[in-house]
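Open the model in your viewer and get your selection tool ready.

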Amino acid sequence: MTTEALVRAELDDAGRERLRRWRLVLGGDTADGTGCALGGRDAAMDGALTALYGKGDKPRTGRERSAGLGVSAPSVARWLGDIRAYFPSSVVQVMQRDAIDRLGLSALLLEPEMLEAVEADVHLVGTLLSLNKAMPETTKDTARAVVRKVVEDLEKRLATRTRASLSGALDRSARINRPRHHDIDWNRTIAANLKHYLPEYRTVVPERLIGYGRASQSVKKEVILCIDQSGSMAASVVYASVFGAVLASMRTINTRLVVFDTAVVDLTDQLDDPVDVLFGTQLGGGTDINRALAYCQSQITRPAETVVVLISDLYEGGIRNEMLKRVAAMKGAGVQFVTLLALSDEGAPAYDREHAAALGALGAPAFACTPDLFPLVMAAAIEKRPLPIPDTA
């Protein structure tokens with residue numbers, strides 16, 4: 001028996017499982033050092049991985065591409081079925097994104113049968129939106145169905161928490177000085193009356209009560225979402241459109257949604273259906289933040305009750321100094337101005353650091369925000385509290 005065979009015989013179950021996993025990761029070249037052969041389901045999984053990632057670390061181009069998935073819809077459809085059978089949904093979504101990026105399969109998403117085979121997620125929606133203008137009529141209905149499924153899933157996950165957070169913030173923002181007992185804000189009341197502390201009784205005499213009233217059905221806040229629709233902001237556009245629809249469903253918030261590249265489009269009248277909003281965007285093109293903010297500024301009628309949320313990587317193609325002047329003017333008038341470099345789960349984004357620093361100097365710090373954090377950011381802005389900026393911003 002060879003040394004390699006002896007070593008294999010001594011491996012326990014956990015060791016064999018580690019070896020199997022390393023074999024799948026390394027790809028099976030003779031130099032991988034595992035000496036592990038695969039069969040059955042494992043061999044099929046390895047084939048699906050090899051079709052996408054091949055034997056190198058770099059994306060394949062030209063003729064090399066045909067060695068993997070090829071460029072035919074049937075072969076890709078079979079591969080999509082394989083990876084859905086062998087891997088969990090989260091892994092499938094990553095592999096689909098890699099296939100689109102590495103193998104240039106975007107054109108195949110213009111075919112209805114391909115769209116029906118893919119695992120839908122936010123990133124796929126972004127790709128479909130970027131292909132919207134090139135999409136044939138026979139595919140558009142299928143594409144809308146895919147986008148609607150993702151949007152509805154996002155709404156189910158995000159809507160309840162968003163409404164709860166913002167309803168509470170709206171209640172607390174309506175401060176009154178003669179509250180009923182159950183409406184007293186004890187933290188603010190104690191802070192405002194510390195000078196009336198009586199040491200002998202170890203208590204504070206609350207000469208002035210601070211409370212908040214219950215939210216009425218009248219509009220209390222104006223929110224303007226101003227969204228950069230350049231290609232790098234695809235996931236942010238998807239999430240912002242969903243949040244815009246959720247905010248628009250709250251009677252006490254008047255919500256406006258504006259998208260821009262070098263032109264500005266107001267999609268407020270489509271907020272009852274975020275799918276219509278998304279298909280009203282046009283991902284790609286340049287960026288003119290100054291022009292977009294000029295439009296938003298013209299829509300403000302109650303500055304002290306308005307929150308403007310700019311979602312952009314801040315790569316400005318317009319007039320930088322004018323952009324900063326507009327932000328300063330809005331803040332000077334009492335507008336709560338929030339700058340989000342991204343609204344997504346994609347991690348730290350690329351952004352213009354000089355513009356971000358300039359906005360920070362104006363009291364409008366720019367930071368990336370996850371969908372789960374967004375309701376807390378909006379609640380803080382509505383209450384005019386410090387924003388919950390992540391440490392990684």
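**Stop one: the core**

Start by selecting W79, V309 and F374: among the 75 residues of the largest nonpolar core, these touch the most other members. A nonpolar core here is a set of buried Ala, Val, Leu, Ile, Met, Phe, Trp, Tyr and Cys residues joined through side-chain atoms within 4.5 Å. Buried means under 20% relative accessible area, exposed over 50%, and partly exposed in between (1.4 Å probe, protein chains only).

Next, colour helix α8, residues 137-173, which gives the most to this core, with 10 residues. Helices (H or I, at least four residues) and strands (E, at least two) are DSSP runs, numbered from the N terminus.

Before going further, a word on what you are viewing. This is a predicted model, in which local features need pLDDT of at least 70 and side-chain atom pairs count only at pLDDT 80 or more, while totals for chains, interfaces and linings use all residues. Residues are numbered from 1 along each chain as its sequence is written, and side-chain values use heavy atoms, with hydrogens and water left out.

Now centre on V309. Which residues is V309 in contact with, leaving aside its neighbours within four places in sequence? Show I224, L225, C226, V338, L340, F374 and M378 to see them (contact means heavy atoms within 4.5 Å). Apart from this core lies another, of 25 residues; I289, C296, F337 and A358 are among them.

**Stop two: the salt bridges**

How many salt bridges does a search of the whole structure find? The search gives 12, each a side-chain nitrogen of Lys or Arg within 4 Å of a carboxyl oxygen of Asp or Glu.

Select D266 and R256, whose side chains meet at 2.5 Å, N to O. This pair links distant parts of the chain, 10 residues apart: D266 is in strand β7 (residues 264-266) and R256 in strand β6 (residues 253-260). D266 is partly exposed at 24% relative accessibility, and R256 is partly exposed at 25%.

Move on to R320 and E354, a salt bridge whose closest N and O atoms are 3.8 Å apart. Here R320 belongs to helix α13 (residues 320-332) and E354 to helix α14 (residues 353-361), 34 residues apart. R320 is partly exposed at 27%, whereas E354 is exposed at 55%.

Finally, stay on helix α13 and pick E322 and K325, three residues apart, about one turn of the helix. Their salt bridge has its closest N and O atoms 3.9 Å apart. E322 is partly exposed at 31%, while K325 is exposed at 54%.
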